[in-house]
Amino acid sequence: MNEKFAMYHDFLQQMVSPQVLEGAFYEGKSMLLIGDAISMADRADFLGELRQAFSGHASRIDVIHLFHPMQMDSQGRLDAADFPAGMQYDFIFVLDGMEKAENPCHAAEKIDAALRLGGVAVVLGRVPGDDPLPDVYLYHDEWRYMAGDLSSLFPGYDVLKEVATNTPFLAASVLRKTGRQSLRAAYEVKGEPELLHKLTGLRVRPSQAASLGYFHAGRELDDMGIRTHTDKCSLGNGYLDKYEMFLRPFREKSFNLLELGVFFGGSTKLWSEYFSQAQIYGVDIMPECRQFEGGNIHVITADLGDEAALRSLRSIQPSIIIDDASHLWSHQIMGICALYDCLPSGGIYIMEDLATSVNPYMFPEYQDYPMDAYTFCERVARVVAGRCPCTPDTSLARKITEIGMATELAVTMMGSCIFIKK
């Protein structure tokens, strides 16, 4: 039993009854398990272990995997997920997804529609505070839940049990469906409940949240990212709503985009869809990535730790370069040094996943160079800001100066740095 499974197992057992995870409790009942809003493999294992605990007792067990960049049959946000058509369940466990729902009221409506009269829903959500789980995906949650918040999403339900605790940073409600009125009808009468919007720290009605925060208006690229299963989306690293303001001017243009790193092909598909007039070049060391070729997508097999291979990519003449490859310090620095000056005026260079630089205690295997990649970007930004050369005078400092003097804008955001060429 993994650590996260043990934590959730104990918490669920406390929430419902001492027999909550004993199979006989669910003998002959139908169940729906919902989870995996966080893109970590052990959460997928947790769903599997939970399903195994119920197997042989429940008459039917269905699972909705909400998001996983390596699990192409997973879905996106809970409020947009496809529930099994025509099915109603005796028990629904919502282990993830309420934090990242665009509108938790819409998520609750989906749960309500899938729960039969008299059925029980166990709904979990994370509470405010510093969750100790070392998971970057928690930073991109939309919502946090205090005592009473989860049950407020289900007006007309009987509240069997409710708790919010800082150990293990979870809130939960056990709710029985007793009324036939739809939640939508109930919201129309009572209004949506106010919930804690994590980004702003304000308690607001979910329908108001779309107007909060600078980047909320730019959701098209992020929505595409969820559909194509790239971890750049807001269910993963949370890059795309920020990228959109820089990338939108290229939307209808004919140009070449170069991405270092293909992996499972999610972002390659995203760029192909968003930049339909562009040619998309993905580079990866793994030959099997060639399976993602087709249409305007071209895949090159190359070792991005080989400077000669990197420099050969200059012939593509890209207008946008995105480094999402190994995240090794040496590779990231070598990439920008070899490729930046091949960008045209107004070209964009994005260096991603700089957590490997700024959190070296979490990623010791990436420390293969005297300077980390974020420090390199920071020194470039100092040249941009001060129009003064990087010192002391070394070959690397001269390269930093060259890049900085050729840069019009340097932007740091969570996980990435963006440079726009003069």
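**Entry 1**

I started at Tyr274, which counts as buried at 1% relative accessibility. Buried here means under 20% relative accessible area, with exposed over 50% and partly exposed in between, using a 1.4 Å probe and protein chains only. A note to myself on the source: this is a predicted model, where local features need pLDDT of at least 70, side-chain atom pairs count only at pLDDT 80 or more, and totals for chains, interfaces and linings use all residues. Residues are numbered from 1 along each chain as its sequence is written, and side-chain values use heavy atoms, with hydrogens and water left out.

Next I looked up rings. My search of the whole structure gave 13 aromatic pairs. Rings of Phe, Tyr and Trp (its six-membered ring) pair if their centres lie within 6.5 Å; planes under 30 degrees apart count as stacked, over 60 as edge-to-face and the rest as tilted.

I noted Tyr26 with Phe91, an edge-to-face pair at 4.6 Å centre to centre and 85° between the planes. This pair links distant parts of the chain: Tyr26 sits in the loop between helix 1 (3–16) and strand 1 (30–35), Phe91 in strand 3 (residues 89–94), and they are 65 residues apart. I used DSSP runs for these elements, numbered from the N terminus: helices are H or I of at least four residues, strands E of at least two. Tyr26 is buried, with a relative accessible area of 1%, and Phe91 is buried too, at 11%.

Back at Tyr274, I found its ring centre 4.9 Å from that of Phe275, with the planes at 75°, so this pair is edge-to-face. Phe275 is buried at 0% relative accessibility. Ring pairs also join Phe250, Phe255, Trp271, Tyr274 and Phe275 into a cluster.

I then checked how covered helix 8 is, and 7 of its 9 residues are buried. Among them are Leu270, Trp271 and Tyr274. What covers the buried residues includes helix 6 (220–227), helix 7, strand 10 (256–260) and strand 11 (279–284).

How do the axes of helix 7 and helix 8 cross? I have helix 7 (residues 240–247) and helix 8 (residues 266–274) coming within 14 Å and crossing at roughly 40°. Axes are lines fitted to C-alpha atoms, for helices over the stretch in contact, and angles run from 0 to 180 degrees between N-to-C directions. The two helices are therefore oblique to each other; under 35 degrees would be roughly parallel, over 145 roughly antiparallel, 65 to 115 roughly perpendicular, and the rest is oblique.

On the helix 7 side I listed Leu240, Tyr243, Glu244 and Leu247, which meet Leu270, Trp271 and Tyr274 in helix 8. Contact means heavy atoms within 4.5 Å. The residues of this contact divide into 6 nonpolar, no polar and 1 charged. I counted Ala, Val, Leu, Ile, Met, Phe, Trp, Tyr, Cys and Pro as nonpolar, Asp, Glu, Lys and Arg as charged, and the others, Gly among them, as polar.

**Entry 1: helix 3 and strand 4**

Helix 3 (residues 104–114) is mostly covered, with 8 of its 11 residues buried. Its buried residues pack against strand 3, strand 4, strand 5 (143–144), helix 5 (183–190) and strand 8 (195–197).

In strand 4 (residues 115–126) I picked Val122, which counts as buried at 1% relative accessibility. Val122 and Val94 are 28 residues apart in sequence and 6.2 Å apart in space, C-alpha to C-alpha.
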